[in-house]
Amino acid sequence: MASLIREWTGIQQFPSATQTKMLELLGKLKQENVNSLTILVMGKGGVGKSSTVNSIIGERVVAVNALQSEGPRPVMVSRSRAGFTLNVIDTPGLVEGGYVNDQALEIIKRFLLNKTIDVLLYVDRLDAYRVDNLDRQVVRAITESFGKEIWNRGLVVLTHAQLSPPDALSYEDFFSKRSEALLKVVRMGARIKKQDMQGSSIPVVLVENSGRCNKNDCDEKIVPNGTAWIPNLVKTIAEIVSNGSKGILVDKKLIEGPNPNERGKIWIPLILAFQHEYRQKVEENLNLDSEGRPFKMLVFRGSPKSSRKSLRLVDEMRRSEEEAFNHTNNTKQYRNFPKKEARILDAPRLKDDYYLNIMDWGKNNILAIALGSEVYMWNAENSNTQKLFQVDRGNDYPSSVAWSDDAKAVAVGHMCSEIHLWDAEALKPVRILEGHQKKVGTLAWNGHILTSGSQDRSIINHDVRVRNSMICRVQTHAHQVCGLKWSNRGNLLASGGNDNMIYIWEASKMSSSHFLHRLDEHNGAVKALAWCPYDSHVLASGGGTMDGCIKLWSIQNGLCINSIDTQAQASLTEHHKEILSGHGYSASECKNQLCLWRYPSMSTVGRSTCHSSRVLHLSQSPDGLNVISAVADETLRLWEIFGPPQPDKKVSQLDGLLSLKTSPIR
C-alpha cells in the first residue's frame, strides 16, 4: 500500500537557521539527481525511534504513546518539498522477552518489499552504557535480512544525548567510548572487517528528542557538545547518500534468500570426498596397530549384577551429598546486582520534581504514573497501557498517586489542593476529597483510610467510604509534608517534611495531634520512608540534597541505630534484609545511582551506573522482587533486583575431583 505524499509543512516549524541549512542540503542532493530519499529506522524498542522520526519531519506523524515506545507495524511517512520527496519508515522494536523478535522482523521485510533503502538509521541510546550479546543478535538479524551492504548506507543514532556522564568522564570521552563499543558490536554482529567498509567507518550522530533539549542563540536544539543536532543529522544522511554506494533494493530474492536446494548442490562433491577419506582412515586404524601388526581388541565381561549394584551405590552417594548440600546452615548467600536494567520505558513529560510522589505499583501488578497532566496505568504482565484521565485546567496537574490496599481504587493528589478518587476497574471518578489549601504532594493508604500530606504543612486522614471524609487534620511540620508511610500493621504512621523532621504517629491518637516521636537528625528534606518488612519497630529514612544520609530508627525509643552518608538525595524501598536507595543531586559516587545495602550493617551489596539523570522515584512490584525507577531523563527503568540470592558455588580442586555433587553427569 503506497504512502500518501503530503507537502512537507513541518519544515516550517524549525528555527530559520535550521530551515536554511536543511534546504541547502536538499538542494545539493537535487543537484546530484537525487530527487527522493528513503530512510529506514530500526533498532530495539524504547530507544526513541518514533520520536526521532517526528523530530526529522518536524511534526507528530508517528504515535509515541507513554510507556509504549513503538507501534506494532511499520509506518512510512512521505513528505514533498520543492520537487524533493522524503520517505521515512518507522519500525517496531526488534527485541521481545530478551530475544530478537523474528515475527516483527518478518513483518518489516514484507513491508519493505520492492522498496529501495537509501539510508539505515540504527537507533540506540547514549545512556544505555553497556553493550551485550543481544545487541550483536539484533545487528546480525538486520545483516541477514538485508545483507552486509546495508551498513555501507548505515548511520548510528544515539538518542537521549542530554546526560551527565558517569565516573567523572568528560562528555566527549563518554560519547567516544559509547560510540566505539557500539560500532564494535556492529562490526562483530555483521561480520564486517574494518577494511571492508567503504571509506570511513559508520558515522555516529547524537540526538535529543526531549522538550527539555537545550538551544543555541539561533533557537536550534543542541546537544551538550554544542552541535545543532537536527541539521547535523540531515547533513550526515546527505553525505551517506553521496558516498557512491548503491541503495538496497528489497526484492523477493533478498527476503527469501537463494533456493536451498541449489545452494546445497555445491557441497555434494566435497561431502563425498570427505566420506571416502574418513572411511579409509577408520579401516586402517581398526585393522592395524601403530607398528603395522593386526590389531586385537580385548573385551571385558563383568557381572551385570555388580554393575547394577554399583550404579545404585552411586545414586545413594549422590542423594546423600545433595541432602547435605541443601540442608547446610552455613552456606553463604550472594546477590548478583544486575548489570543493567531489564527494560526501559519512555515517560514523556515526567516532571523533574523531587517533591512529587507520582508513581505507585499496585497489588494488581499495574503501575500508576502521572506524566505531565495525564495519569496512565501500565500493566506489568502484558505491557498494556491505559490512560486513566487528563487534567484540563491549565495550572493544575497530578502531584501524587497511590493505589488502595485492595488495588480497586487510585487516589490522585493535585497541584490545586484536591484529591481525586478513581475506580481503577471502571476507569471512572468516584469523588473529590478536599481539605488542603495547597499542593497535595504525598498520599498513603491504611485500609479505608487515605492519608494526605500537603504543601500547606498539614496531614489529613480521610475515610473514603463517606462523602464528608475528613476524620482528623494535624499541622505539626513547619514546612511542606514530603513523605508519608503507614507501617505494615497499620498502627503507626511516619511523616517526613521539608523542615528536616520525621514524626511518628499512633493511628489511634492522631486526632489529638500528639505524636509518638520526633526524629530530628536529618539536615535536609525527608521524602524517603520505608518500614522494615519483618520488624515493625524499625524505620529507614533518606534525606535530600543538603543531608544525603540514610538512617535507621528504633521506634521503641525514637533513637537512630545506624546512619550512612551517601551525600546524595535518596528514595528508598526495602525487601527482607536489604534496602534499595535511588539517588539524585550529589558530588559523590552515589549520584544518579541505585545502591543496594545490607541490613542492619548497611554495607554495600552493589550499585548501578545506568542512570544519566537523577532518580526521582522508586516503586516496588507486589511480589517484592522488581523495582521501577523514574528518572529525570523521562524514562522508567525496570530492575530485577530482589530475586533469590545465589549460593556460594566455590569448590576446592580436590572437592571437585572427589565430590559427585559438582556434576550432573556420571
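# Exercises on a predicted chain

The chain has 11 helices and 41 strands; helices (H or I, at least four residues) and strands (E, at least two) are DSSP runs, numbered from the N terminus. This is a predicted model, in which local features need pLDDT of at least 70 and side-chain atom pairs count only at pLDDT 80 or more, while totals for chains, interfaces and linings use all residues. Residues are numbered from 1 along each chain as its sequence is written, and side-chain values use heavy atoms, with hydrogens and water left out.

## Exercise 1: The chain as a whole

## Exercise 2: Strand β15 and its neighbours

Work out which strands pair with β15, and how well β15 is enclosed.

*Solution.* Start with pairing: two strands pair if DSSP finds at least two bridges between them. Strand β14 (residues 359-361) is joined to β15 in the antiparallel sense by three bridges, and M359 has I369 as its bridge partner in β15. Strand β16 (residues 374-379) also pairs with β15 in the antiparallel sense, over six bridges. There, L367 stands opposite W378 of β16.

Next, look at the turns. Four residues lie between the strands in the hairpin of β14 and β15, where N365 takes a positive phi near 65 degrees. The hairpin of β15 and β16 has two residues between its strands, and here G372 takes a positive phi near 65 degrees.

Finally, check burial. Six of the six residues of β15 (residues 366-371) are buried, so the strand is largely enclosed by the rest of the structure. I366, A368 and A370 are buried on one side, and L367, I369 and L371 are buried on the other, so both faces are covered.

## Exercise 3: Two packed helices

Describe how helix α1 (residues 16-31) and helix α6 (residues 229-241) pack.

*Solution.* Two packed helices are described by the angle between their axes and the distance between the axes. For α1 and α6 the angle is about 5 degrees and the axes are 9 Å apart. Axes are lines fitted to C-alpha atoms, for helices over the stretch in contact, and angles run from 0 to 180 degrees between N-to-C directions. The two helices are therefore roughly parallel to each other; angles under 35 degrees count as roughly parallel, over 145 as roughly antiparallel, 65 to 115 as roughly perpendicular and the rest as oblique.

Now list the residues. On α1 the contact is made by T18, K21, M22, L25 and L29, and on α6 by I230, P231, V234, K235, A238 and V241. Contact means heavy atoms within 4.5 Å.

## Exercise 4: Residue A407

Locate A407 and say whether the residue is buried or exposed.

*Solution.* First, A407 sits in the loop between β18 (398-403) and β19 (409-414). Second, its relative accessible area is 8%, so A407 is buried. Third, leaving aside residues up to four places away in sequence, A407 touches K363, N364 and A424.

Conventions. Buried means under 20% relative accessible area, exposed over 50%, partly exposed in between (1.4 Å probe, protein chains only).
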